[in-house]
Amino acid sequence: DFAIFSPAEAPGIAEDPVQYDRWGAFAAFDYRDSRTGPRAGGLFGAQVRQYFDRTLDRFSFPQAEFEAQQYFPYFNGTRVVALRAAAVLSWNAADQDVPVYFMPTVGGNNSLRGFARQRFRDNHSVVLSAEHRWYVFRGLDMSIFADAGKVVARKADLRAIAGGGERPPGREPGTRARGVEPVCRPRLGVG
């Protein structure tokens with residue numbers, strides 16, 4: 001099924017290649033015990049980017065990204081409650097648009113796990129996730145999780161992830177079994 005989008009629905013999609021200048025900065029405080037499969041600690045980060053459209057002067061805008069992760073171990077570290085919150089906010093002047101290829105997305109393994117990667121996109125996004133993990137034996141962990149996410153055209157619509165806004169919020173509970181050996185990471189999800 002092929003769909004044609006109007007420039008209002010997908011800004012920048014029908015334009016010739018646009019040349020950008022970009023600058024940005026980030027800060028992060030990462031005290032997780034492991035970058036892959038952490039059992040304790042947390043990660044708090046912020047990133048800002050400014051895009052300058054050198055070609056059409058229609059797609060210049062700043063964007064900020066925030067993320068917080070916290071891991072609470074218990075029962076000898078074999079059980080973990082993992083919490084995550086992430087948001088991407090864009091600011092554009094009245095005569096500027098955020099092009100579709102720079103819009104934040106929601107969906108896939110890092111946000112709404114029950115939806116296809118980059119399934120939802122708009123000017124702003126927010127994702128919340130809660131997960132209970134337990135380590136079955138060496139090389140296998142399992143989890144129960146709940147994800148919620150939303151993309152909206154206006155920041156004012158981010159007031160509550162559970163209601164309002166341009167797009168309905170996505171909610172995705174599920175379970176997962178995942179290998180934790182660093183060489184091979186098979187994964188099975190139900191959601």
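**Salt bridges and burial**

Arginine 133 is buried, with a relative accessible area of 7%. Its side chain meets that of glutamate 131 in a salt bridge, at 2.6 Å from N to O. The model is a predicted one.

Glutamate 131 and arginine 133
- Glutamate 131 has a relative accessibility of 7% and therefore counts as buried, the cut-off being under 20%.
- Arginine 133, its salt-bridge partner, is likewise at 7% and buried.

Aspartate 147 and arginine 113
- A salt bridge links aspartate 147 to arginine 113, with 2.9 Å between the closest N and O atoms.
- Aspartate 147 belongs to strand β8 (residues 140–152), while arginine 113 sits in the loop between β5 (105–106) and β6 (120–121), so this pair ties together parts 34 residues apart in sequence.
- Both aspartate 147 and arginine 113 are buried.

Aspartate 30 and arginine 32
- The side chains of aspartate 30 and arginine 32 form a salt bridge, with an N to O distance of 2.8 Å.
- Aspartate 30 counts as partly exposed because its relative accessibility is 33%, a value in between the limits of 20% for buried and 50% for exposed.

Note on methods:
Residues numbered from 1 in each chain as written. Predicted model: local features only at pLDDT ≥ 70, side-chain atom pairs only at ≥ 80, totals over all residues. Heavy atoms only, no water. Salt bridge = Lys/Arg side-chain N within 4 Å of Asp/Glu carboxyl O. Buried < 20%, exposed > 50% of the residue type's maximum accessible area, 1.4 Å probe, protein only. Helix = DSSP H or I, 4+ residues; strand = E, 2+ residues; numbered from the N terminus.
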